[in-house]
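Welcome to my notebook. Have the model open beside these entries and look things up along with me.

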Amino acid sequence: MKTKFSIYVHIPFCESKCIYCDFASFVCAKEIKEKYFKALKNEINDFSKEGVVSSIYFGGGTPSCVNAKKITDILKLIKKKFVISENCEITIECNPNSASFFKLSAYRRAGFNRVSFGVQSLKNEALKFLGRAHTASQAIRAVLNAQKAGFKNISVDFLIGLQNQKIEDLTDEALTMINLNVSHISAYMLQVEERTPLYKMVKLNQIKLPKEDDVIGLYNDFSKFLKKHKFERYEISNFAKKNFYSKHNINYWKMGEYAGFGLSAHSFLDGYRISNSDNFADYFNGKNREKEFIDNKKRIEEIIMLGLRCKFGFSLLEIKNLGFDITKTPSYKNFLNNKIIKEKRGRVYLNQKYICVSNSIICELLP
Ligand SMILES: C[S@@+](CC[C@H](N)C(=O)[O-])C[C@H]1O[C@@H](n2cnc3c(N)ncnc32)[C@H](O)[C@@H]1O
Ligand code: SF4
């Protein structure tokens, strides 16, 4: 049987930089973009592993901020080079202001069957503050355009923990999207990353973000609201209607293999994690690619960490076969006795009540 893997393609361009974002995304001149797409094609052409591709994800940055043909040409190349599974999920991340009906139709024709919009908020004031290039009405129009272009699998991202954000803001905004029939919602708790303007503002007391406990409260109430609307939480930040879980992300969380192409992209293949450089000059010259063998200890850590953050849990036998009998450890017994984790048919799951403190629980369970 041929091995299965996923493909991630990184598009590191944005029209402007949001104040909270520390991802490898840049506002670049046309020449860099031209050079980048050439390098990306070379990287894909040089890839030698064979197998069946089960999901493809174009992320960023903002894939929709470049000419649609640049994107569809890359997808065409991937389809020509690899065997693509029949029900392959093919996602593109888009920002609402640059995802025109024309572009969305071109993506759909090329074979994309899932679109993920960075909505973040439906309050223009908040969007402006965050440095987003779109407005609330553009976000609504983008979803309608995607449907008109033939997309049935539409995801929207929201941010939790914005200044003065109330649960009614989040639920009203999500309801607008639910009424538009989106199938998937990602809700990310705003992280204040060190190298961002937001970090400086917080440090200088120029803005006051909600306290951690209040953010957790918002998250818990929002999760309940989404559940009521039949969006099941299948990972800490991801909620979906039945049959609309993201296959691509599930592959990451189940430690499946993936090939990443582009600036800063990561791969996990044949037991190695490989990271491309996040510097254009190095990426163009194929320099500073890091390769790390994921030994049994690291593998066990990742299986536990990823498994407990999502509804699929982890297998006791899988980590036992890698050399760790977690059932013998005092922390495991303690968490089990206190119903913080539960065991069912050889798998271990986190009690959903503790999802917001999953990090500290996971830390105590690691070998
Ligand atoms: C890296 S972006 C790429 C997609 C697209 N450019 C966008 O902004 O929606 C993917 C998601 O990460 C979120 N994100 C980026 N920085 C974040 C942060 N500091 N805290 C929480 N979410 C963040 C974005 O808001 C977006 O929903
Ligand atoms: S649009 Fe997305 S990738 Fe670009 S800066 Fe904003 S959050 Fe980051």
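**Entry 1: a helix and its cover**

What covers the buried residues of H6? I found that the cover includes S4, helix H5 (136-148), S5, S6 and H8. Helices (H or I, at least four residues) and strands (E, at least two) are DSSP runs, numbered from the N terminus. For contact I asked for heavy atoms within 4.5 Å. Buried means under 20% relative accessible area, exposed over 50%, and partly exposed in between, with a 1.4 Å probe and protein chains only.

Before going on, I noted that this is a predicted model, in which local features need pLDDT of at least 70 and side-chain atom pairs count only at pLDDT 80 or more, while totals for chains, interfaces and linings use all residues. Residues are numbered from 1 along each chain as its sequence is written, chains are lettered from A and ligands numbered from 1 in the order in which they are written, and side-chain values use heavy atoms, with hydrogens and water left out.

Back to H6: I listed its buried residues as Asp169, Leu170, Thr171, Glu173, Ala174, Met177 and Ile178. H6 has 13 residues and reaches 18 Å from its first C-alpha to its last, close to the 18 Å expected at 1.5 Å a residue. The expected span is 1.5 Å times one less than the number of residues. Just after H6 I came to Asn181, with a positive phi of about 75°.

**Entry 2: helix H8**

I turned next to H8 (residues 212-228), which has 17 residues. From first C-alpha to last, H8 reaches 24 Å, close to the 24 Å expected. Its buried residues are Val215, Ile216, Leu218, Tyr219, Phe222, Ser223, Phe225 and Leu226. An α-helix has 3.6 residues a turn, so residues three or four places apart point the same way. I then looked up what the buried residues of H8 pack against, and found strand S5 (153-160), helix H6 (167-179), strand S6 (184-189), strand S7 (232-235) and strand S8 (238-240). Lys230 follows H8 and has a positive phi, near 70°.

**Entry 3: strand S4**

How many of the residues of strand S4 (residues 114-120) are buried? I counted seven of the seven, so S4 is largely enclosed by the rest of the structure. Both faces are covered, with Arg114, Ser116, Gly118 and Gln120 buried on one side and Val115, Phe117 and Val119 buried on the other.

Then I checked the partners of S4. Two strands pair if DSSP finds at least two bridges between them. Strand S3 (residues 83-94) runs parallel to S4 and is joined to it by four bridges, with Thr91 opposite Arg114. S5 also pairs with S4 in the parallel sense, over six bridges; here Val115 has Ile154 as its bridge partner.

**Entry 4: around ligand 2**

Which residues surround ligand 2? I wrote down Cys14, Ser16, Lys17, Cys18, Tyr20, Cys21, Ser25, Gly61, Thr62, Asn95 and Arg132. A residue is near the ligand if one of its heavy atoms lies within 4 Å of it.

Two of these residues made me stop in the loop between S2 and H2, where I found Gly61 and Thr62. A cis peptide bond joins Gly60 and Gly61, with omega about 15°. Thr62 counts as buried, at 2% relative accessibility. Leaving out residues up to four places away in sequence, Thr62 touches Ile11, Phe13, Cys14, Asn95 and Ser98. I also looked up Glu15: its C-alpha is 8.0 Å from that of Thr62, although the two are 47 residues apart along the chain.

**Entry 5: an open sheet**

Three strands form an open, antiparallel sheet in the order S13-S15-S14. Strand S13 (314-315) and strand S14 (341-344) stand at the edges with a single partner strand each, so one side of each is left without a neighbour in the sheet. S13 pairs with strand S15 (residues 347-350) over two bridges, and one bridge partner I looked up for Ser315 is Arg347.

Buried or exposed: which is Ser264, and which is Arg345? Ser264, in the loop between strand S9 (258-261) and strand S10 (266-269), counts as buried at 18% relative accessibility. Arg345, in the loop between S14 and S15, counts as exposed at 80%. Neither is a glycine, yet phi is positive, about 65° for Ser264 and about 45° for Arg345.
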